[in-house]
Amino acid sequence: MSTMEETGSKSQALPFAQVAVNAGQPTRRAFTYAVPAALDRVVPGQAVFVPYGPRVLQGVVLERTAASEIDDVRPLTAVADDAVVLDATHISLARWMSGEYLAPLWECIATCLPNGYGQKAVTMVSPVDIPPLLPVYPEDQKILAYLARHGRTPLDTLRATVRGATTLRLQRLQRDGHLTVVQGLARPAGHVKLQRRVKRLRSAAETAAEATRLAAERPNAVAARLLRLLEADGDRPLADLREAGATVRLMGQLSEGGWLEQYEAQVTRDPLRDYAFERRPPPELTPEQAAAADRMKPGGAYLLHGVTGAGKTEVYLTLVQRALERGEGAIVLVPEIALTPQAIRRYGERFGDTLAVFHSGLGAGELYDEWWRTKRGDARVIIGSRSAVFAPVGSLGLVILDEEHEWTYKQVDPQPRYHAREAARELCRLTGATLVLGSATPDVVTYYGSETGEFERVELRERVVATPTGELMAGRHAQTKIVDMREELRTGNRSIFSRALGRAIRTSLERGEQSILFVNRRGAARFMLCRACGHVPLCPACELAMSLDQAGTVHARLRCHHCGRERRLEDGCPSCGSGKYRPFGVGTQRVEAEARKEFPRARVARWDSDVASRKGAHERIVQALEAREIDVLVGTQLLAKGLDLPQMTVVGVVDADVGLSLPEFHAHERAFQLLSQVSGRAGRREREGFVFIQTYEPEAPPIVAAAAHGYRSFYEHEIAHRRRAGYPPFSRLVRLLHRGRDEAAALKEATRVAADLRMERDVMGAPEPDVLGPTPAFIARVRGEYRWQILLRGRAPGRLVERIRLGDRWAIDVDPASLL
């Protein structure tokens, strides 16, 4: 008996079902439904349709139960899909996530479903009788005229287009018989792609003979051409034959003659179709790498702490190979889409066709097909960004988080606001899989966990380099120099490049090597500043300084990187009219322009989120770097992570002070990690690397520690500070953020919630959590909405949040990655 049949037979004696419902509401509970006799074989993990108020909605069965806590239980309506889309592991994972992150249950379920599987409830407005003489009310005329042109329309679309489409007006028009307003379900965005194809029914020789005969008859030349196509390739897309002149009538004649047959076939949308993997044997690990791999036993939880360039990826590859040999699957997470091209090549060369990829840069169809390919067991090794942790890998044996310290593993919006590291820990607990967290600069919380026994720490202290033959040998750290930019100014250097950095880049260009210029800011400058009156242009919707953007436009523009609002840059100060209205600070665009002037013969390119926003942009940039088509690369955090380029010998951090003084407890940790990671891009082969950290605060602890490659010294300084201040890992945080267009009303609501939290805590007689605020958020206004935040700090602050009422304008962020 199959597993599904066994589950079905056990479920038949259980008359109720707990269902997560796609209701579009922030509920964290499942709903109870009776299972009618006709649907008694429904099992956990199947999608169903259920009554929900006056509507019928989509849901997923989580479990069958013998009893119900309520008396009046409505029955399931129908089975939506015969396939079981969620296994017991992912049902448990979604439920854990809902409780851990105080997130709506359906949103947590949806993270584990195929892309586009969910069917949202929609209200549709359909024309019934559009009179030739429209009603006298102008708003009625607009509504009916729109429906006459567009037919059946979602209510949200109608309201966004026609301002007067109010509920009362639509109800009146429906009573008058002009339209109908009905509830329904949107078509799922994810679906199988089908292609019309044509196959030859007779042998190639018979087809060739018939084509020759038809070619002699002038009226049948097109038919001959079609048969020639099928002679060469017996199965082709119908589109190919149509391009050759095929008509419906002609295809019908050839089909009736027994020469061809039309059919539909599923087309797999493969995101790896452009990759050609050349299988390579694994190199022999260094003794330190081999010892590290041997220490990580199945079922354990490990922190692989290795210096930059220590060859952590080779250890990962070895662990994946061992998991596959045990008949298990593996998930490998990388923190940025930008890192997937190199990761795909490394893992593809080792594991080939068993590889699948998941990240947000793929098309919806590609994600849908990769999910089902993984579910079928055709893919056993998954590479991807944070959402890949939910891939339906059967017999999961290994989960790896590379660069585990990266904040991009934390989902910010939309819900659920999960952390992939914690989701991976829970997944490994549920499945018994091995968890490996790798980093040269581990998250302070993770490293503390390795000190207290949550993880076993495995160290890689030696840098290794790969020789041209593929062998691994001992390497060395890049030489790092802290450049005091105050001294550069005192000696008359007004350039954004220090003299030492300029000399190093020129030398690398002469040697045919590559360089990185790292800037922690996109755009041309941080902001505009009038030296006469001090005016700084602010975004009217966000009240934040707008940055200068000179790329791709005739006239420079000011842009808000939070809401996207932009305007043309004025010639003079808009406040006082002074001509001393100039850019202040540097961004990637300005550094790119300055690099072109300073190094005129160099091929300079820029890599930031503005440039890499198009599909495939990351792959193209990495390919250009590997093909030596770029000499100097200017970029932001995207290039600080995981790039492994043999000719990259010089790294210049243009402004290391960015972020040091931000008002949040992560600030020094993030600065140290970023500087250490970007420094690790230099000298990763046998050529020596050089790093220049330009700063106006050369004594800052994160800068000093990064230059000395001193993670342990930084950790001890940082953990002491957090112990004194009571920040993680010595507490947990929950951030409550309220948004509202009315400033006074937003403050009133934030004050109410803070008072409710304190009262509820006192009623419980609990000394904690601390309730801090409300205070204006660091970015106090975004897209015209005022933002107020409340911070809870304690051992389990989420329990207090569960006890109070929050409206739909509140966002809950458990263990926030940022307080800004």
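**Exercise 1. Which residues do ring pairs link into a cluster?**

Step 1: The model is predicted, with local features needing pLDDT of at least 70 and side-chain atom pairs counting only at pLDDT 80 or more, while totals for chains, interfaces and linings use all residues. Numbering starts from 1 along each chain as its sequence is written, and side-chain values use heavy atoms, leaving out hydrogens and water.

Step 2: Rings of Phe, Tyr and Trp (its six-membered ring) pair if their centres lie within 6.5 Å; planes under 30 degrees apart are stacked, over 60 edge-to-face, and the rest tilted.

Step 3: read off the cluster. Tyr447, Phe672, Tyr711, Phe714 and Tyr715 are linked by ring pairs. A search of the whole structure turns up 15 aromatic pairs.

**Exercise 2. Take the pair Phe390 and Tyr418 and work out its geometry and setting.**

Step 1: geometry. The ring centres of Phe390 and Tyr418 are 5.0 Å apart with 75° between the planes, which makes the pair edge-to-face.

Step 2: Phe390 is in the loop between strand E15 (381-384) and strand E16 (396-402), and Tyr418 in the loop between E16 and helix H15 (420-431); the two are 28 residues apart, so the pair links distant parts of the chain. Those labels are DSSP runs numbered from the N terminus: helices are H or I with at least four residues, strands are E with at least two.

Step 3: burial. Phe390 comes out buried because its relative accessibility is 2%, and Tyr418 is buried because its value is 3%.

Step 4: The Asp413 to Pro414 peptide bond is cis, omega being about -5°, and Pro414 sits in the loop between E16 and H15. Ser395, in the loop between E15 and E16, has a positive phi of about 50° despite not being a glycine. Ser395 counts as exposed because its relative accessibility is 52%.

**Exercise 3. Describe the surroundings of Ile790.**

Step 1: find it. Ile790 belongs to strand E34 (residues 785-794).

Step 2: burial. With a relative accessible area of 0%, Ile790 is buried.

Step 3: list contacts (heavy atoms within 4.5 Å). Skipping neighbours within four places in sequence, Ile790 is in contact with residues including Val734, Leu736, Val753, Leu757 and Trp810.

Step 4: compare sequence and space. His738 is 52 residues from Ile790 in sequence, yet the C-alpha to C-alpha distance is 8.6 Å.

**Exercise 4. How many helices and strands does the protein chain have, and what is its radius of gyration?**

Step 1: the count comes to 25 helices and 35 strands.

Step 2: the radius of gyration is 31 Å, close to the 28 Å that the globule rule gives for 820 residues, so the chain is as compact as a globular protein of that length. The radius is taken over C-alpha atoms, and the rule is 2.2 Å times the number of residues to the power 0.38.

Step 3: finish with burial. Of the 820 residues, 50% count as buried.

Terms used:
Buried < 20%, exposed > 50% of the residue type's maximum accessible area, 1.4 Å probe, protein only.
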